[in-house]
There are 4 protein chains.
Amino acid sequence: MSKIRVTVWHENMHEKTDPRVLALYPNGIHGTIKGFLDENEDMEVRACTLDDPDQGLSDEILDNTDVLIWWGHMGHALVNDDRVQKVYDRVQDGMGLIALHSAHGSKIFAKLLGTRAWGITWRESDDRSLVWVVEPNHPIAAGLGRYIELEKEEMYGEPLQFPRPDEIVFISWFEGGEVMRSGLTYFRGNGRIFYFQPGHETYPSYNNPDVRKVITNAVRWANAGTKPQQPLNCPPPVAPIAPKNK
Amino acid sequence: MSKIRVTVWHENMHEKTDPRVLALYPNGIHGTIKGFLDENEDMEVRACTLDDPDQGLSDEILDNTDVLIWWGHMGHALVNDDRVQKVYDRVQDGMGLIALHSAHGSKIFAKLLGTRAWGITWRESDDRSLVWVVEPNHPIAAGLGRYIELEKEEMYGEPLQFPRPDEIVFISWFEGGEVMRSGLTYFRGNGRIFYFQPGHETYPSYNNPDVRKVITNAVRWANAGTKPQQPLNCPPPVAPIAPKNK
Amino acid sequence: MSKIRVTVWHENMHEKTDPRVLALYPNGIHGTIKGFLDENEDMEVRACTLDDPDQGLSDEILDNTDVLIWWGHMGHALVNDDRVQKVYDRVQDGMGLIALHSAHGSKIFAKLLGTRAWGITWRESDDRSLVWVVEPNHPIAAGLGRYIELEKEEMYGEPLQFPRPDEIVFISWFEGGEVMRSGLTYFRGNGRIFYFQPGHETYPSYNNPDVRKVITNAVRWANAGTKPQQPLNCPPPVAPIAPKNK
Amino acid sequence: MSKIRVTVWHENMHEKTDPRVLALYPNGIHGTIKGFLDENEDMEVRACTLDDPDQGLSDEILDNTDVLIWWGHMGHALVNDDRVQKVYDRVQDGMGLIALHSAHGSKIFAKLLGTRAWGITWRESDDRSLVWVVEPNHPIAAGLGRYIELEKEEMYGEPLQFPRPDEIVFISWFEGGEVMRSGLTYFRGNGRIFYFQPGHETYPSYNNPDVRKVITNAVRWANAGTKPQQPLNCPPPVAPIAPKNK
């Protein structure tokens with residue numbers, strides 16, 4: 001059985017300017033995520049950044065990616081439109097996409113969902129956050145308890161301006177009084193998309209064993225869309241199946 | 001235009017044994033709800049209780065009810081199965097149902113949703129609760145701000161064991177750390193159902209202007225299902241429409 | 001890895017009175033379904049009927065069933081309520097249920113969905129029917145082409161009075177002019193339910209390779225709910241997680 | 001009460017080259033649709049085409065439109081991207097959009113849904129088509145019978161590559177053997193979108209009284225999103241609501 005080819009894409013900007021981020025993620029957020037995914041025998045993981053040739057999103061890379069993980073924030077506007085289009089096309093053709101934290105402000109997230117970027121309320125904060133499992137039997141929630149506990153996270157809150165999710169796996173509680181549907185699936189073309197809220201760069205959320213479990217589960221879930229039954233393109237006209245009554 | 005015929009049904013038990021409840025709701029919870037709904041010119045409201053003939057759920061009453069509001073808790077098991085069946089039939093035929101607070105443990109709620117009664121986690125508590133509007137343009141949320149603030153409420157929490165809701169209007173935050181999808185719609189047959197979590201008997205939630213607004217909006221929303229296009233029963237066989245190719 | 005324990009339950013009535021049915025299904029519809037499922041190494045299949053002790057639905061059988069397949073029609077009213085309750089409880093606890101053809105009129109289907117039995121339009125007919133795959137990447141549609149072709153089927157048509165499905169896998173076309181959402185999933189408690197329309201007793205639908213593929217796929221899909229993360233019952237009260245601000 | 005400001009936008013191309021189209025719609029498809037909507041006292045209707053200044057989609061027009069009706073086919077690529085962006089922004093802000101027939105290939109439909117244009121199977125045909133009402137109580141289906149009968153229509157068929165619809169109002173049957181979910185709602189930002197399949201330019205579908213009823217109903221339904229509770233933009237950070245436990 002062939003391995004799931006995972007690409008972890010990261011803008012890799014906060015690490016360069018904020019020593020707190022580098023302290024938490026010495027190899028960058030991408031390095032950390034690649035690190036814990038590497039422990040899975042069914043995955044083959046590579047990490048890419050905005051600094052790489054073709055912004056780390058070359059045709060060659062994307063054509064050989066089953067599941068793409070995306071972390072971006074400050075650099076959303078820097079991603080070239082043709083790279084966004086390529087990711088979009090790959091998702092429509094069946095590549096999985098896992099959009100982390102502030103990826104809700106990215107061009108690719110907005111384009112795939114048909115929503116405006118940044119469509120939430122928010123507050124830079126060090127709130128305690130509890131990420132509740134609301135669909136305990138969803139494959140993305142496998143192996144978790146009733147909730148994930150994060151000592152500190154940035155608050156993202158309702159109302160979401162995203163389209164109604166196809167499935168809701170998690171809802172987050174924030175100490176400051178807010179809630180957010182924070183683990184969401186969307187089906188687009190042949191592809192599967194998972195959005196997951198935790199992961200502000202100044203907190204160690206990606207070192208949390210439960211967060212790691214969610215991302216690992218999500219890779220396997222999103223990969224299930226990558227072997228499409230049918231290519232989805234504007235199809236040629238078809239012939240009638242039933243004889244007509246003339 | 002004819003008025004919406006609303007029946008507020010209440011088991012009316014806590015009021016008899018707990019002076020705190022009677023202090024908050026001198027005419028009973030049913031009297032309080034009837035009281036604020038009476039202010040709407042498009043509604044004609046009656047209040048009934050378990051103590052009434054036919055448990056306040058006679059055929060005559062239900063056949064002349066467009067929207068039924070239900071509050072029950074201790075007395076769930078006392079409601080006769082044939083009355084439950086009658087309410088069920090009326091909802092399938094288009095009567096609206098608004099299930100309040102612990103109505104999630106009632107026979108009628110379980111029967112209409114296809115779920116077990118009591119399917120939540122809970123904690124008797126005096127938690128502060130914030131009820132977030134997650135679908136601001138839903139008619140049931142009309143006129144509200146970003147959230148409803150309740151000084152004290154009983155905690156009901158995820159995971160819900162109810163079927164996936166057809167629409168989610170509210171999600172509640174509880175001071176103790178929990179969240180709950182707390183304002184839910186379900187379509188059943190020709191009828192519309194709205195579940196709303198606030199309303200523990202020892203707290204003044206039904207005196208809260210925003211809670212009153214929600215229930216008032218929900219009456220109008222649930223009434224929209226009461227003029228069904230088509231009776232829904234096991235229909236007689238139909239004739240083919242298209243000629244067949246023989 | 002342990003096998004999926006499948007129980008094929010059949011009322012087994014038409015076979016006794018209609019020689020056409022016996023000619024198509026010499027071992028009964030249950031025998032035919034057991035026959036083709038037996039070819040799967042990951043399944044352990046038993047067939048039971050209404051004639052068996054405890055109506056073929058004993059506690060012992062149901063407690064040892066991961067996925068239950070249900071075919072009934074004439075005998076719906078004969079199934080004892082306590083057996084219906086037991087099946088209902090098992091589904092809430094995670095047993096999968098595959099409801100075939102006229103199972104939409106059964107007590108268990110109505111009870112789990114919160115709908116009235118028989119909620120469709122219909123016509124006894126020998127219509128050609130095309131069962132279109134509308135979600136090609138759903139696991140239940142794996143290995144199929146664009147549609148399943150059935151030379152003759154009974155017409156079941158819209159509007160469905162069932163609750164809005166959680167997922168729609170198939171929509172059927174009937175020669176006489178009707179359509180039906182004919183492959184539907186519902187999640188209830190910890191259990192997964194799949195309804196599939198083809199299978200009138202006087203037509204050889206269960207000998208069709210594509211129909212067999214659908215049922216085989218559905219067994220595996222429905223089994224995924226059988227190892228619940230959490231028992232779902234009215235839970236004991238929980239302790240608060242977050243300290244409160246008093 | 002102020003009127004619903006409806007703009008009927010049409011590329012107006014087939015009428016210029018195909019005499020059959022002009023014979024059916026002497027004032028263009030836009031003129032026909034404006035004509036029957038004009039009969040409603042609660043609507044104020046204008047018709048615009050690609051030939052008009054700013055392609056009939058000026059900021060002034062769109063800022064004064066509550067519900068936009070869109071018919072395009074050959075000219076999809078001619079619509080300027082900045083006009084598409086303006087329509088997109090207006091829908092996110094609450095303008096309703098009714099996308100007719102081949103509008104599924106338009107830039108605006110693809111952009112709002114997050115799908116590829118043209119994502120269906122099709123066949124230029126003169127099939128008889130029956131458009132079944134699958135949600136009889138939906139406001140868009142008000143006043144219809146069980147189905148709409150169209151003597152001739154172009155076939156559009158499953159599988160749809162669009163995202164799972166938020167609601168399904170109609171499913172179409174085609175004489176040649178296909179089916180299509182043909183009346184679909186989507187919620188995007190503050191706006192409501194309705195897609196409706198009938199309306200090939202060489203058939204008189206827009207002269208059909210039932211089709212006219214659907215479009216009229218859809219205008220009123222889509223208008224309900226136009227008075228948003230809350231502006232939806234990337235919001236400024238908010239202050240915490242609950243005191244934190246430090």
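Biologist: How much area do chain C and chain D bury between them?

Modeller: Please keep in mind throughout that this is a predicted model. The interface brings 26 residues of chain C into contact with 26 residues of chain D. Of the area that these two chains bury between them, 57% is on carbon and sulfur atoms, and the total comes to about 2100 Å².

Biologist: Which strand of chain C gives the most to the side that touches chain D?

Modeller: The rule finds four salt bridges across the interface of chain C and chain D, and one of the pairs that meet in a salt bridge is C:Arg164 with D:Glu135, at 2.5 Å from N to O. On the side of chain C that touches chain D, at least two residues each come from β5 (121-133), β7 (167-174) and β8 (179-188) of chain C. The strand that gives the most, with six residues, is β7(C).

Biologist: Is B:Ser172 buried or exposed?

Modeller: B:Ser172 lies in strand β7 of chain B, which spans residues 167-174. Leaving aside residues up to four places away in sequence, B:Ser172 touches residues including B:Leu130, B:Val131, B:Met180 and, from the other chain, A:Val179, while a polar contact of 2.8 Å joins its side chain to that of B:Ser182. Because its relative accessible area is 0%, and the cut-off is under 20%, B:Ser172 counts as buried.

Biologist: Which strands are at the edges of the open sheet in chain D?

Modeller: The sheet has nine strands with mixed pairing, in the order β2-β1-β3-β4-β9-β8-β7-β5-β6 (chain D), and the twist averages 25° from one strand to the next. Within this sheet, β1 (residues 4-10) and β3 (residues 67-71) of chain D run parallel and are joined by five bridges, with D:Val67 as the bridge partner of D:Val6. The strands that pair on one side only, and so form the edges, are β2 (43-49) and β6 (147-157) of chain D.

Biologist: At about what angle to β9(D) does helix α7 of chain D run?

Modeller: Helix α5 (residues 81-92) of chain D lies across β3, β4, β8 and β9 of that chain, and runs at about 115° to β9(D). Helix α7 (residues 209-223) of chain D lies across β1, β2, β3, β4, β6, β7, β8 and β9 of chain D, and its angle to β9(D) is about 165°.

Biologist: How many of the 10 residues of helix α3 in chain A are buried?

Modeller: The covering of the buried residues of α3(A) includes β1, α1, β2, β3, β4 and α7 of chain A. Among the buried residues are A:Ile29, A:Ile33, A:Phe36 and A:Leu37. Helix α3 (residues 28-37) of chain A is mostly covered, and the number of its residues that are buried is seven.

Methods
Residues numbered from 1 in each chain as written. Chains lettered and ligands numbered in written order. Predicted model: local features only at pLDDT ≥ 70, side-chain atom pairs only at ≥ 80, totals over all residues. Heavy atoms only, no water. Pairing = 2+ DSSP bridges. Helix = DSSP H or I, 4+ residues; strand = E, 2+ residues; numbered from the N terminus. Axes fitted to C-alpha atoms, helices over the stretch in contact; angles between N-to-C directions. Contact = heavy atoms within 4.5 Å. Buried < 20%, exposed > 50% of the residue type's maximum accessible area, 1.4 Å probe, protein only. Polar contact = N/O pair within 3.5 Å; in protein donor to acceptor, adjacent residues only side chain to side chain. Buried area = accessible area lost by both parts, 1.4 Å probe. Salt bridge = Lys/Arg side-chain N within 4 Å of Asp/Glu carboxyl O.
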